[in-house]
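Student: I'm new to this structure and would like a close look at just one part of it. Could you pick a spot and walk me through it?

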Amino acid sequence: IYTRSVGKTPRLPSIKTVLWLYEIKPKIYSVGAVIRQCVALRRVAAQAREYHGDFGAQPIVRVFPVVPADDPKLAMLVAMYSDHVSVWDGRSLRIGAPAA
């Protein structure tokens with residue numbers, strides 16, 4: 001989990017907490033199941049009271065599925081998931097990397 005608080009900006013009129021969560025998948029069995037799990041994780045994190053901070057503001061939550069670079073269903077996940085997909089090639093992690 002990566003979290004930080006951001007101050008007031010034109011795009012964010014009040015102080016917000018930003019959460020980056022990673023859903024690690026060693027293999028994609030079902031693209032729909034990965035997407036449903038990421039959406040569920042995002043909803044649970046957004047509702048968790050400990051992340052609302054002293055200001056009571058809803059956090060900004062991003063969930064990145066992390067999948068192997070050689071997974072045959074990677075391109076389908078990238079095409080169907082509305083957020084970025086992270087790719088693990090065994091040595092390095094590419095955050096939000098599109099399928100090659």
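Predicted model: local features only at pLDDT ≥ 70, side-chain atom pairs only at ≥ 80, totals over all residues.

Tutor: The partner of K25 is E23, and the two form a salt bridge whose closest N and O atoms lie 3.4 Å apart. E23 counts as buried too, because its relative accessibility is 14%. The structure holds one salt bridge, so that pair is it, by the cut-off of 4 Å between a Lys or Arg side-chain nitrogen and a carboxyl oxygen of Asp or Glu.

K25 also leads us to V67. Setting aside neighbours within four places in sequence, V67 is in contact with K25, I28, L74, L77, V85, S86, V87 and W88. Several of these names come back in the largest nonpolar core, which has 17 residues; I28, V61, V63, V67, L77, Y81 and V85 have the most contacts inside it. At least two residues of this core come from each of β2 (16–24), α1 (31–47), β3 (60–68) and α2 (74–80). The largest share is that of α1, with six residues.

So let's zoom in on α1. This helix is 17 residues long and spans 25 Å from its first C-alpha to its last, close to the 24 Å expected at 1.5 Å a residue. Its buried residues are V31, V34, I35, C38, A45 and A46. They sit on the same side of α1, because they cover an arc of only 100° around the axis. The general rule behind such a pattern is that an α-helix has 3.6 residues a turn, so residues three or four places apart point the same way. Now turn to the other side of α1: there, R36, R43, V44 and Q47 are exposed.

Finally, let's step back to see where this helix belongs. The protein has two helices and five strands, and along the sequence they follow the pattern β-β-α-β-α-β-β. Of its 100 residues, 35% count as buried. Among contacts with a separation of 6 or more, 43% are between residues 24 or more positions apart.

Key: Residues numbered from 1 in each chain as written. Heavy atoms only, no water. Core = buried A, V, L, I, M, F, W, Y, C linked by side-chain atoms within 4.5 Å. Buried < 20%, exposed > 50% of the residue type's maximum accessible area, 1.4 Å probe, protein only. Helix = DSSP H or I, 4+ residues; strand = E, 2+ residues; numbered from the N terminus. Contact = heavy atoms within 4.5 Å. Expected span 1.5 Å × (residues − 1). Arc of directions from axis to C-beta.
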